Amino acid sequence: MWRGEAIDRRGFLKAAGISFTASLSPRSLMALERADAVYAAGFRESDGSFGIATISERGEIIDRASLPARAHGLAHSSATGRTVAFARRPGTFAMVFDLSRQTEPVVITSPEGRHFYGHGHFSPNGALLYASENDFDGNRGMIGVYDARDKFRRIGEFDAHGIGTHDMTVSDDGTLLIIANGGIETHPDFGRTKLNLDHMEPSLVLLDAGTGALVQRHGLPPALRQLSTRHLDIGADGRIWFACQWEGPRNALPPLAGWFSEGGDLSFVSLPEETTIRLGNYVGAIAVNRREGIVGMTSPVVGAAVTLDARTGAVLKEELVRDAAGVAPAASGIAVSSYDGQFNETRSKVAWDQHIVRLG
Amino acid sequence: MRMILVAGLISLLPAVAFAQAGEPAPSVDLPEAEVSKVMTAAVDGFIRPGYSAFHRSAEKMTSVVKTLCGTPSAANHDSAKSAFRAAAVSWAHIEIIRVGPVIEQNRFERILFYPDRKSTGLKQVQGTLSKSDETATDPATLATKSVATQGFGALEYLLFGTGSEALSREKNGFRCRYAAAVAGNITNVSEEISGIWDAPNGIQEAWKQPGPSNPVFRTGGEAATALLGILVHGAETVRDQRIETFYKGPEKAKFPKQALFWRSETTWPSVKGNIEGLAALLEASGMADLLKQSDRPILASTKALLKSMAELSEQVTPDLERAVEDPKEREKLDTLLFQGREVIISLSEGYGGAIGLGSGFSFSDGD
């Protein structure tokens, strides 16, 4: 995930290389040249096929590639220029793209007894790829470790210390893996059915990235047992922001986001009632714009995009966005996509999937 | 484990609706009164009668198995087998409801533990038989044991599996008393579910009257989306779990003994029960009424597909080894897989799109 000002469009173009820009149509090239930021997101075509696209800040599609099935989260390494699209759970593929097109896409298949949960992250130098996975017969979340320098060979795995592992990220210095265990049991035999809504076990976990040793684990208090901790991003000050999806009574007003730091306790953001209602007790994606000190969250349930002050948690902005899907830091503010094809100011004839990653 | 206490972090919504200016338009915006009518029809015309019928058939099955135990004979064994098949089909009809009380407290798994690729249920039932564990002969204590030992899978092995011929000879033998306890357990669970749905101010009211203070559905759009989700997931289950578990196509590996109820030759009656359940929910709820007149042919084609699938499922041989090998039988399976896909698409894309879901893309959770 894009983490700040280290790379912009020029950086992206440099990483993508001449062969990438040479392959673009004049229209795509123009979209790229006038973009302040570049993103990638999964999508579904109107004919039902799936793909991944690079997108300008205005929302124009620059380039696209096919995927065998629906993708979910993405990871990008600015160090290597590689981008990964992870299959939506309970999918078993992850597709690695090289923006410079110097190497063919690599398909990673989850090992026997595991499926991807839809998220992952590169180590800061891009040498390792971590992926959230389900050991479904053992009913435990795992973090698969893949060697990006060796055709993404699987070189190990760590116990995620929870069930229903979903999003995961890596600290800026690469020493910690940060994991959101949603607490919901699923099994590929039962598709996407949630098997334990009456006894969920959500948790937020920090692991030593080198050894997989447990550094810190936060369970949730009994009153919030049905609050599934799902998505993560890291602020400029090292705060780990998390976003949640409530599986309890629909007329409750649970907290939907919060933050913590290494060694500290969880803090929940106290959202106004009307904001919680607009989010439909469900945050589908979260992203921090470090330069501006803001946090973006989206919810497709009612259709909302909310921006918070990353320092105080106060709501700065609320927008009505029908079918709101992904969020990512923009050159200014937060980029938002939707299932019905809206990406910032452009509507395309695709359905954008749940997550966006900023490439440059 | 680190845990902080978060007193007062969760509260309930005030009963008054937030209808102030600026309230976002929901993704699915349907007339609340029409949705309420459809949800009421779904609950009173399909869900409650479905659980009630299943409870009655489970009660009958329990009674017939008890008769077999007290008066063993080949005829009574056959009656028990017939009662099993009838209860399994009754369950298949309402099994498509995979939301609400049935998925709480492991009730679904206690009725049916499937798929079971590692044959956990078979091993555990055989273990119980070999030890003659008397605590498995009382539904109350059986209910505390592994879910794999207390539902239809276990009962099928006891009535149809290796050694079941003893049932027609041994009076009050262990196997029969265990079978009666399993039937009794299924009856108890079905009674519980039926009771929860029938309680006047409980879940049925929540389903019928979506609103801001409703613990299940805040808006009519959410309720209609959930109802559609039941149908889509139900159709996916028939195709992906009940058929593809043992047959994915002529060139793929085949596993006829992974099929649900292959021992009792109830695989296709069960599939037919699922399909007829989907068709019945579609019909009873009047979901078509939520569509514009011009969009209603979408559901007509869905119903035609379901009817065709139900008829075809009756024509497949119950001998599943032959069903996956014989080209003529395989053709029927391929057709069922194809039509199953068509049903899923027509519901999620066709109906979903027509009521305002983003091309059917967002009816499910974003994850």
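Colleague: How many bridges join strand E14 of chain A to E15(A)?
Modeller: Five, and the two strands run antiparallel. E14 covers residues 203-208 of chain A. Strands (E, at least two residues) and helices (H or I, at least four) are DSSP runs, numbered from the N terminus.

Colleague: Which residue is the bridge partner of Leu207(A) in E15(A)?
Modeller: Leu214(A). Keep in mind that this is a predicted model: local features need pLDDT of at least 70, side-chain atom pairs count only at pLDDT 80 or more, and totals for chains, interfaces and linings use all residues. Residues are numbered from 1 along each chain as its sequence is written, while chains are lettered from A and ligands numbered from 1 in the order in which they are written.

Colleague: What is the strand order in that sheet?
Modeller: E12-E13-E14-E15 in chain A, an open sheet of four strands with antiparallel pairing. Two strands pair if DSSP finds at least two bridges between them. E12 (165-170) and E15 (214-219) are the edge strands, each pairing on one side only.

Colleague: And how are neighbouring strands turned against each other?
Modeller: By 15° on average, direction ignored. The axes are lines fitted to C-alpha atoms, and angles run from 0 to 180 degrees between N-to-C directions.

Colleague: Zoom out. What does the secondary structure of chain A come to?
Modeller: Three helices and 29 strands. The radius of gyration of chain A is 19 Å, close to the 21 Å that the globule rule gives for 360 residues, so chain A is as compact as a globular protein of that length. That radius is taken over C-alpha atoms, and the rule is 2.2 Å times the number of residues to the power 0.38. Along the principal axes, the C-alpha atoms of chain A fill a box of roughly 55 × 45 × 40 Å.

Colleague: How much of chain A counts as buried?
Modeller: 58% of its 360 residues. Buried means 20 or more other C-beta atoms within 10 Å of the residue's own, exposed means 12 or fewer, and partly exposed is in between; C-beta atoms are placed from the backbone.

Colleague: Which residues touch the most other members of the largest nonpolar core?
Modeller: Tyr39(A) and Val327(A), in a core of 107 residues. Such a core is a set of buried Ala, Val, Leu, Ile, Met, Phe, Trp, Tyr and Cys residues joined through C-beta atoms within 7 Å. Strand E17 of chain A, residues 240-246, gives the largest share of this core, six residues. A second, separate core has 101 residues, including Phe84(B) and Trp197(B).

Colleague: What does Tyr39(A) touch?
Modeller: Leaving out residues up to four places away in sequence, its contacts include Ile55(A), Ala328(A) and Ile356(A). Contact means C-beta atoms, placed from the backbone, within 7 Å.

Note on methods:
Two residues are in contact if their C-beta atoms, placed from the backbone, lie within 7 Å.
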